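Subject: Structure handover

Hello,

Here is the structure for your files. My notes on what was found in it follow directly below.

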Amino acid sequence: MKMKELFLAIVGLCLVSAGTGCARQSAAAAGPPPAASGTVIVESSGGKQIGATGTALPQPVVVQVNDEQGNAVTGASVSFSGAAGVSFDPPRGLTDSSGQFTTTVSLGEMAGRYQLVASTTTKTQKKVDLKIEEVALDYHRRLGQLLDDKYCSRCHNPESTPERVSNFDNLEVKPHAFTEGDVLNRMSDADLIAIISHGGPALNRSPIMPPYGYTLSKAEIQALIAYIRMISDPPYQAPGMVYAQK
Amino acid sequence: MQPSNPNPGSLWQKLFGDPIRAFGIVSALLLALLAIAPAKNYFSEWRHYQKGYLRMIRTRGEAVTLQRHFQPGIQQIWHPEIGVTDRCASCHVGLKEASLTDVSLQPYRRHPVIPHSTEQYGCVICHRGQGAATTVEEAHSSTLAWEQPILPSRYIESGCGQCHRASLESTPQLNQGRALLARYGCVQCHVIKLPDGGTMQATQDAPSLSHIADKTTREWIFAWLKDPQAYATSATMPNFKLKDEDIRDISAFLIANSTPVPGANAPPIAQKASDPAAGASLYGESFCASCHTVQNAAGNLVGGNVGPELTRIGNKAKPEWLRAWVRNPRLYDPKTEMPHYRFTDQQVATMEGFLLAKSDSDFLANAHLDPATPEQVAHGKSLVMEYGCASCHEISGIKKPENFAPELSRIGSKPVSQLIFLAAMPHSLPDYIAGKIRQPRAFAPGLKMPQYSFTPAQIDALTTALLAQNDPAQSLPPSVTIPLPAASHYRPAGKAGQIMADLACFSCHAINGRGGDMAPDLAWEGSSVQRKWLEDFFRNPGTLRPALIRRMPKFNLTNEEITTLSDYIMTAYQTPDFERDSLPDSGYSATQVEQGRQLFYSKYACQSCHIVDVKADKGYIGPTLTEVGSRLTGAWIYHWLKNPQALRPGTIEPNRNLNDEDAKSLTAFLTMQKGASKKEAKK
């Protein structure tokens, strides 16, 4: 009796799982069938953007599918996936006449780095992946970003825009871009607070960096540092996080 | 014993057997029932999350500290005066743990740092959801009893807007949304009552249509109404999606209804064939692009958004009107933000030729209209009333309609059950508001709200601002709210006041809380600058900042006007903080000047941002200081160096906490920089 019940239950479970498996497969194949296929997928633009949690990134993400010769492939399938909470509009489709596929990405509700995966299928049905990284800022770090934009980026960001010309090239001692993780990750929070509050001379550096401790509040400096830590490349690892090994 | 129940004992026995066994069964049943309540409590969701939290912290280095902070049981934040009963921290256990910022497992991550403590305001006031609930489903989602789900984080700034009624530096999205509501005429049709009293006011008045026949043709009105964005991509006017016959009749009515303004048309000016480049250079010299935008060959808009886009102005403006407008816009529209430039006849002719050439030959190609009939004019008038055109535009003979569209004062608390959603649309209030802005006409046939062409980011901003207009915002006690400062209606007096109105100084400069933010605030200009520099600047405004594109135009002022303005500015616009003459503008000792020079270049490295010596210094951020000694007063320089934010809040010049001696020496050095007088000496 018991054996029979167990057997029935197992059969039932198998049926259910097979059913959902089927449903998933059909959903993946719901898009138009690919007309062509390439061998590699590369990023055209839209990687390493800094956006806000739960909001669409300022620029769309554009990827391109190429064949062995490096020529763009039209009509190849591209699909995007990411961590829970990340949404793509559209999530999958075919490359256009220039071999590119464009999607608008909204990051999840949690601040941090998000890894997106764009994939295409080759002729032999092999999946080829491309990893793209984006950063989502929460309220605190967005505040830091606003402060960076107002006070810091004119010197620390070497890129000029028509609206704002960068002062970077005019400086005798070049400031570090905030994404320069190699340098900034080696500085402790206390050092960063000191150099922002008291200027370059506080750490025996150039007086070109003025003190902002009388202009910005402590909370604002904290927000700025939280932002700098978030966007640094390579990523910043906070010290003192000792994980007990099980 | 009653006949209807002849043998109770037997029934009892049939069901339960003998009484003792029955008693046993009933007792067991009762015990089991009694056990359900504690069991339900024991297996509750929040307890599950608290156990998960304890498991998680065990693997961390700071486990002991976290363990000590942990408090078991339901955690509640209770502030009845602001309506907060939040139990969120029962599951979100690590909210306040500074070390848990890196946790990716919810609900244990630390809350991002915000200017308020959760203890003081709770969670629901910003995030929405149901604070008193103790299950995930009830707290986060819409349920039968409670339909306010958690607010998606993209709209989180709406929470700030409930208490902060003025714009906050740290809520750019909310500020943008409120500015859009005021600028795009939303508040002209929809009343938005502010919690402090009063209503949200439009910041831009749409042009009056009472005299439109002076300005443009019926054909242009037809093409414009058909698709305003086809004429100007940056047009504020939305698309009303009207039928061609309706547009024909509206244009017929507007032209028939228009009355001429004396002086709004000017006869052609006998001019020499002017150099085609002269127009472009006059347009550039007059800094028209500070306010007006033009689409360049690459399709990008270049210029400001105070005035209308001029890409196809030649298709719109009648030459005789444009001529009179360029000469003195205040004759046609006394309230315009455009300054009266005092152009010479030759300049007016050059500008007219340059602007009229900005046209698109295809633009009016499809607008062929037969002469209007009285029926068309009458139908046009009824359409103008039906679509509420007079909500934004002044139209003679038609009153501004009241309560034309639904009031939005509490739209952010509108119950979902009262909303009609489109198919395949998520049933939530933010999605509804965003959808209504994105495609207003899709919600029902016959709706009148026009189609705007907002970007997705603008729609998010508008939704955020509207979500802040909700029930809590209207009922929060004054102790927790920061009211909107009263709007300033400052107007300078006398003759100078008339000149300033004529030049529309307030379109760019703010004084005493009124005016634009494109140019510096002039409230304390009299303490700041030297009179001679001010007069020279009126005569020939130069730029102080090398990297700045927008700057002050030259207005061809007469000497008398310059004297009147300078007198007024030097007298009326002084700071109460110090006397202008408290420090001399020159005559400091050579040692002090030399000390100042060393401080400038070595200790404070001012040359990183400012230029004193054109050959050596390259600083590109702050104003050029080559002539600062003939521009600013000694007292202003000194007090500026001591605390720039005290004189101009929000300036990016850092406060360096200078001691008096260093500030004096730097003042001495800077007052010596009199570049202009050197040039004069050379001449």
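In helix 12 of chain B, Arg218(B), Ile221(B), Phe222(B), Leu225(B) and Lys226(B) meet a set of residues in helix 14 of chain B. On the helix 14 side these are Ile247(B), Arg248(B), Ile250(B), Ser251(B), Ala252(B), Leu254(B) and Ile255(B). Contact means that C-beta atoms, placed from the backbone, lie within 7 Å. Helices (H or I, at least four residues) and strands (E, at least two) are DSSP runs, numbered from the N terminus. The residues of this helix 12 to helix 14 contact in chain B divide into 8 nonpolar, 1 polar and 3 charged. Here Ala, Val, Leu, Ile, Met, Phe, Trp, Tyr, Cys and Pro count as nonpolar, Asp, Glu, Lys and Arg as charged, and the others, Gly among them, as polar.

This is a predicted model: local features need pLDDT of at least 70, side-chain atom pairs count only at pLDDT 80 or more, and totals for chains, interfaces and linings use all residues. Residues are numbered from 1 along each chain as its sequence is written, and chains are lettered from A and ligands numbered from 1 in the order in which they are written.

Back to the geometry. Helix 12 (218-226) and helix 14 (244-257) of chain B pack at about 135 degrees, with axes 9 Å apart. Axes are lines fitted to C-alpha atoms, for helices over the stretch in contact, and angles run from 0 to 180 degrees between N-to-C directions. The angle makes helix 12 of chain B oblique to helix 14 of chain B. (Under 35 degrees is roughly parallel, over 145 roughly antiparallel, 65 to 115 roughly perpendicular, the rest oblique.)

A second pair is in chain B. Helix 23 (494-502) and helix 26 (559-572) of chain B pack at about 110 degrees, their axes 9 Å apart. So helix 23 of chain B is roughly perpendicular to helix 26 of chain B. Lys495(B), Ala496(B) and Ile499(B) meet Glu561(B), Thr564(B), Leu565(B) and Tyr568(B) there.

Now the contact between the chains. Chain A and chain B give 34 residues each. Helix 2 of chain A gives the most to the chain A side, with 7 residues. By class, that side has 21 nonpolar, 8 polar and 5 charged residues.

Last, Lys126(A). It sits in the loop between strand 8 (112-121) and strand 9 (127-137) of chain A. Lys126(A) and Thr39(A) are 87 residues apart in sequence, but 9.1 Å apart in space, C-alpha to C-alpha.

Best regards

Terms used: Contact = placed C-beta atoms within 7 Å.
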